[in-house]
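Reader: I am new to this one. Please show me the structure, then let me ask about it.

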Amino acid sequence: MRTSHETAIQRVVSEACVLVGAGRAILLQVAHPKVAQGVAEHSNFAEHPFKRLRGTLDFIYSSTLGTREESAWVAGRVNRIHTYVKGPGYSASDPDLQLWVAATLYQSAVQIYELTLGPMSPAMREEFCRESSVYGTLLGCPEDLWPSSVEEFEKYWDSALAALVVSDEAKRICHDLLYSKAVPLLLRPLLPVNRLITTGLLPEEVREQFGLAWGPRRERLFRSGMRAARVTYPWVPRRVRRLPMALYMQYFRRRFRAYA
């Protein structure tokens with residue numbers, strides 16, 4: 001059950017499980033060759049992966065759980081950075097690229113939420129779809145580009161997915177993400193788990209384009225892990241499941257008060 005004042009998007013992004021889909025969303029984003037080119041030429045992703053993660057969490061949490069002032073502050077920072085992200089054949093201000101990035105955030109959240117907590121009701125799915133337009137509009141994407149319903153989104157998604165061409169730049173970004181040397185030593189034992197989950201969550205055709213190793217054994221491990229999460233995660237008290245979000249918002253608001 002959700003509280004009467006909580007929207008569908010707030011309900012979804014507050015869940016800790018949704019963070020598991022971050023790697024999938026990033027790889028889908030860079031599977032678009034223009035996004036990959038922009039990241040490769042204007043990002044220090046490999047050297048500072050946690051800085052990139054912080055920027056993503058700032059944007060997602062502030063746009064859905066923050067005040068108008070907090071949301072505007074983060075959107076302003078992102079848009080100022082994006083002013084310089086342009087080159088031959090691509091620009092971060094391209095509405096089609098903004099739409100694709102926003103779509104990966106929404107669709108990845110739906111996938112991991114339903115794998116761990118079960119299917120959303122049709123009404124919740126429609127509400128979440130409508131509200132997720134904020135991921136694009138805050139970056140300047142015209143609101144009317146966002147699909148008006150789940151059915152329209154799925155048509156867009158299938159078409160966009162079929163058109164993806166994973167470039168060499170995207171493959172390098174993928175390697176940097178899944179085999180990061182910048183991860184602290186204490187967290188490195190988790191890298192194989194992250195690789196398994198991120199790779200397993202990807203659509204098969206995209207996984208194959210990235211050249212990621214997969215097979216029956218990995219498939220069994222992935223499916224077993226997802227089944228275990230589906231059985232156990234819903235029994236975790238909701239206040240515990242929301243704890244990563246709550247702690248991050250405290251951290252974010254300290255920075256907002258200091259720098260805004």
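This is a predicted model: local features need pLDDT of at least 70, side-chain atom pairs count only at pLDDT 80 or more; totals for chains, interfaces and linings use all residues.

Reader: How many helices and strands are in the chain?

Author: Helices (H or I, at least four residues) and strands (E, at least two) are DSSP runs, numbered from the N terminus. By that rule the chain has 15 helices and two strands.

Reader: Why is helix α2 described as largely enclosed?

Author: Buried means under 20% relative accessible area, exposed over 50%, partly exposed in between (1.4 Å probe, protein chains only). Helix α2 covers residues 22–30. It is largely enclosed by the rest of the structure because eight of its nine residues are buried.

Reader: Which residues does V30 contact, leaving aside its neighbours within four places in sequence?

Author: V30 is one of the buried residues of α2. Contact means heavy atoms within 4.5 Å. The partners of V30 beyond those neighbours are V35, A36, V39, A170, I173 and F210.

Reader: Which residues have the most contacts inside the largest nonpolar core?

Author: A nonpolar core is a set of buried Ala, Val, Leu, Ile, Met, Phe, Trp, Tyr and Cys residues joined through side-chain atoms within 4.5 Å. The largest has 69 residues. Helix α6 (residues 95–117) gives the most to this core, with 12 residues. The residues with the most contacts inside the core are V30, F128, Y135 and F210.

Key. Residues are numbered from 1 along each chain as its sequence is written. Side-chain values use heavy atoms; hydrogens and water are left out.
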